[in-house]
Amino acid sequence: SYSFCTLLVVTHLFQPLNKMTLAASSALNPKAVEFKPAAAMKLNPNATPFGGVVKKRIPTPTAVPPTAVGQPQHTTIAGKAVEHKVFVSTPWYSKGIDKSVVQLSSEIEAFHSFVKLDATEIKDRSDVCDVIKSMAQLKWPTSSMVKYGSFAIGTSAPNSAIDIMIDNCNTDLTANDVREAFRPLGVIRSLMCNGGTAFAQVEAPSGVLVNISLHKEVGSEAASKSVSICNHWIDQFPTIIKPVLSVLRQIMTQTGNLEVSTGGLSAYALLVMLFYVTKTFRPTSCGSLLLQFCRFYGKDFNFSDFSLDLNLGTVAKLHPLELISIIDPSDKTGNIASGCTRAFQVQVQLQHCYSALLRWETRDGGDKRGYKGRTPLSGVISHQKLWARSEYLQEVEKREAAKVSTPSKSNFTMEEIDALMSERNETLSYFDIFGDCGTSNGLSESPSSLSFGVVGGASTQQPGAAWSSAGSNDSFDSIHESEELLRSIDAAIANDLMFDV
């Protein structure tokens, strides 16, 4: 009550002051607003005591209008409605693509074309295999070599290793022998020997890793059988297995779930799992196969109670101590997922992939422009480490374009080249005659024009390293002219044969 009385007194004291202030302001400004009592506000409920009007607050919309997201946007140009296009860029779509035309199946195929080996990479790996075979036969003459794994069945990625088995060595395998045999190939990263067997991982000069398994006796039957089984199933579904395998391998590699040394699955186990889904559900496109794979192993299949058999289907678990049991197609008692300790991580990752890809397929009735992400695979594949691959392919494309623009027609006929070679050989014979009596102003020890090597079956011969001063001026002039002729012939033949090489 004391506070209320104080408030009344203060209001009574300041009321004359408020009236005097308004009177003074009215004298100075005739347009000043006159004070209105509260009763006047009944006429206008939005009026203020000083004659203003309270603006009504416009309520903020709680949801975005349906046309703002996921619907085509249009701009009117010259009286015509032009639809906006959203272009997205990824490492496998480096030149950009209209987001509205991206489909899951077509993107899987584009990604496979992006990561598969080109002709140069295949040739480099084939050359490495040939060198290893020669090295093994030089060290162990009775040995034989068998290629298996991703390179043998044509599913290698740029970061895939080459798997090679060398058997029938007919001798105990020691670390010194293996190191001596393969040291010229490159850097030996790891080496293990057990008398009758050995394993070496070698990094070739091109950066490719090679896994070499060696056996004292014959032991390549299982490797050869696994290659034939994989080729059989790939031939059954040639257009969908390899592209989907490329995507799955990239997805699981970036999280470590496909690294055997850290408890992940092997690439062979992943391939058999893919074969099983393809055989069981018979998908007709890459997109349906990838979605079915992620759904089946991420949500439906129970790894704790069942084993996966490619021939018999889902059976009671044969390896109860293993987290994942996948029967080896070539050995009914073996488990190709033995040692995998990341079963939970694999299952959770496949669940995430299924949810992310399904959102793309069911977004706004098929309109993908409102999807929060560039493309469907961008939601499950990291771009960071793939841009280097994109730059490499762009460089390859530039080199191929340069080859097309370079004329491939030879400047000389074969008869003219034969005539040049005959004249070249005569010149070299002339050098042999005067090789011991030339002048000190003659050729250097190793002129670049004489280091052409063997051309067309004719080998070059190095002239004398120094010429004495006993030769006559006529001889020197002839030798000098022959030298110039030899240089011109070498340059002409080299420039011409570049196209044939």
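In the predicted model, the side chains of E121 and R389 meet in a salt bridge, with a nitrogen-to-oxygen distance of 2.6 Å. This pair links distant parts of the chain, since E121 belongs to helix 3 (residues 119-139) and R389 to helix 11 (residues 387-405), the two positions being 268 residues apart. Both partners are buried, E121 as well as R389. A search of the whole structure for such pairs finds eight salt bridges.

A further salt bridge is formed between the side chains of D177 and K139, for which the N to O distance is 3.7 Å. D177 lies in helix 5 (residues 175-182) and K139 in helix 3, so that this pair ties together parts that are 38 residues apart in sequence. Whereas E121 and R389 are buried, D177 counts as partly exposed because its relative accessibility is 22%, and K139 likewise counts as partly exposed, at 27% relative accessibility. R295 forms a salt bridge with D300, in which the closest N and O atoms are 3.5 Å apart. In this pair R295 is partly exposed, with a relative accessible area of 34%, and D300 is also partly exposed, with a relative accessible area of 43%.

With regard to the overall fold, the chain contains 13 helices and 13 strands, and of its 501 residues 37% count as buried. Among the contacts in the chain with a separation of 6 or more, 60% are accounted for by residues 24 or more positions apart. The accessible surface of the chain comes to about 29000 Å², and carbon and sulfur atoms hold 57% of that area.

The largest nonpolar core comprises 66 residues, of which L265, L290, F293, Y297, I326, L377 and I381 touch the most other members. Several elements each supply at least two residues of this core, including strand 4 (93-98), helix 2 (104-115), helix 6 (221-236), helix 7 (241-253), helix 9 (286-300) and helix 10 (343-361). Helix 8 (267-281) also belongs to that group, and helix 8 gives the most to the core, with nine residues. The surroundings of Y297 illustrate the packing at one of these positions: when neighbours within four places in sequence are left aside, Y297 is in contact with M273, Y276, V277, F303, L308, Q347 and L350.

The cysteines were examined for covalent pairing, and the count comes to zero disulfides. C353 is in no disulfide, and the nearest cysteine sulfur, that of C294, is 5.0 Å away; the separation exceeds the cut-off because a disulfide requires sulfur atoms within 2.5 Å. C353 is buried, with a relative accessible area of 1%, and C286 counts as buried as well, at 2% relative accessibility.

Turning to the loops, S156 is placed between helix 4 (150-153) and strand 6 (162-167). S156 counts as buried because its relative accessibility is 10%, which falls under the limit of 20%. The side chain of S156 makes a polar contact with the side chain of S150, at 3.2 Å, and a polar atom of the S156 side chain also lies 3.1 Å from the backbone nitrogen of F151. Leaving aside neighbours within four places in sequence, S156 is in contact with V115, K116, L117, S150, F151 and R249.

The loop between strand 6 and helix 5 holds N168 and N170. For N168, phi is near 60°, a positive value in a residue other than glycine, and phi of N170 is likewise near 60°. In terms of accessibility, N168 counts as partly exposed, at 24%, and N170 is partly exposed, with a relative accessible area of 49%.

Technical notes:
Residues numbered from 1 in each chain as written. Predicted model: local features only at pLDDT ≥ 70, side-chain atom pairs only at ≥ 80, totals over all residues. Heavy atoms only, no water. Helix = DSSP H or I, 4+ residues; strand = E, 2+ residues; numbered from the N terminus. Buried < 20%, exposed > 50% of the residue type's maximum accessible area, 1.4 Å probe, protein only. Contact = heavy atoms within 4.5 Å. Areas by Shrake-Rupley, 256 points an atom, 1.4 Å probe, with all protein chains shown as cover. Salt bridge = Lys/Arg side-chain N within 4 Å of Asp/Glu carboxyl O. Core = buried A, V, L, I, M, F, W, Y, C linked by side-chain atoms within 4.5 Å. Polar contact = N/O pair within 3.5 Å; in protein donor to acceptor, adjacent residues only side chain to side chain.
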